[in-house]
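Please read the following note with the sequence and the model open side by side.

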Amino acid sequence: MNGPFDILIIGDDEPALCAAACAAKAGSRVGVLRKNATRRKSFTASTPAIPNFVWRRLELQDYDLALNPVSTRVTLLHGAKEISTFDNDRQTADWLAGKEIKDHHIWSDFTDEVASLAHDNFVADLQFSTKKKLRNGLAKLLSDPYALDRAARMTGASETLLDDYLTDGSLKAHLSAHALSPSGFGPREQGSAAALINFLDETAWPVRPDKNSQSIRTILEKICQTEGVSFLAGRITEVTTASNKHIALSIGADESVKTRIIFFATPETARAYGVDQNLSSPMVDAPGHANFSVKFKLAEFIDPPAGDRDGIFQIVDSATELQEARDSAVKGQFPKKLPVEFEYTRNGEIIARSSFLPGAFFEDGEWRGWTGQDRQAAVTLIKERLTSRMPGLAAQIRRTETEVVTPYLGETPFAGCDQIIVQSRPHNTISAAVKLIDEVIGRDE
């Protein structure tokens, strides 16, 4: 029997490791559970930004960690049209003006209004509450028409929120694609507005380590080990209530762990275990979407379409295409046109991914999981989208590696367990995970 831990964090990506290190520094007994004993390969070149308060707490300046903001977010639309936004509102407005996009006049007003919605925190405050606070919070919300209207906008559809301010369809497609890509939402879906608001947060701009710097994960693992975080590995087979203060997890055939709280640092990790506590998005009666990634190793470097190898790119024709892909995924089918995100690694590889693929496939009246053929089909769809914007790419591809993260099929081992905390934001996940675990520690004290 391992533990007992105060907090067991499931997953070992950057948000999970940051949350683990900060909780351990605060005096909590922390465990981190990986699926495998060895760290999985990274299928991303960029990472969530590390906010200043986390940087100072973990003293990252002592590790010679150098991070550079992603230079730009680019959407490659049909007909060689491109839309770009930057981490500076003035630069974005100037770029939009140069492309004669009328919405450049209200860009700053739009981002300011969205920022004010994010600071309201209606959903977060209600989600992380005792039953009494939840009841009182809902009563207060229902008695305030202004607050109720803003809460409705936050939990509504991103399409509605964008239509309130913007007129240019290409710009709306660009924002929708980048905002909804991690969560696989459609822009007409209730709950997608929260992902858009989170995406436009000033702390949500991703970063990349400098070419001479160690990876963020490597440094965070060193800090966790220094602070006494325990690393475990294995598949969770059973979760039971051991006492009124602890729950027990069976790992594999012969290992068990006791913990007071189970913590998921990202919504994607929680979904992979069949856990969804995101109050801002509705549950559907289907497995939903998968997160599929493919790494293309090239014979020769291919210039990026917008001439900027440090950007993050989306391939989509319109916001409607995102909704159609989401609808197909929920039905258990491959979409006709797959929205794709991609970026370049430091050594010139291309990592492409999409969250608009089925979590499971519906055939002959039954749901089934992913197969090797499905992986090949997904790679083909992604390759077709990339070559539609980069015609010379196919001839340079020498090898591919794939990863697919699907929702948990069948009954989750966490069914009935109420000592689970899920960080539900798809963007700026490091900041959100550390703030949430601080709330968990503060509440227990």
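1. Strand 11 and strand 17 (residues 397-405) run antiparallel and are joined by 8 bridges; strands here are DSSP runs (E, at least two residues), helices are runs of H or I of at least four residues, and both are numbered from the N terminus. Two strands count as paired if DSSP finds at least two bridges between them. The model is predicted: local features need pLDDT of at least 70 and side-chain atom pairs count only at pLDDT 80 or more, while totals for chains, interfaces and linings use all residues. Residues are numbered from 1 along each chain as its sequence is written, and side-chain values use heavy atoms, leaving out hydrogens and water.

2. Strand 11 is also joined to strand 14 (residues 350-358), by 7 bridges, and this pair runs antiparallel. Phe 296 stands opposite Thr 400 in strand 17 and opposite Ile 350 in strand 14.

3. Because 9 of the 10 residues of strand 11 (residues 289-298) are buried, the strand is largely enclosed by the rest of the structure. Buried means under 20% relative accessible area, exposed over 50%, and partly exposed in between (1.4 Å probe, protein chains only).

4. Phe 296 is also among the residues with the most contacts inside the largest nonpolar core, which has 58 residues. Such a core is a set of buried Ala, Val, Leu, Ile, Met, Phe, Trp, Tyr and Cys residues joined through side-chain atoms within 4.5 Å. Helix 9 (residues 169-180) supplies the largest share of this core, 6 residues.
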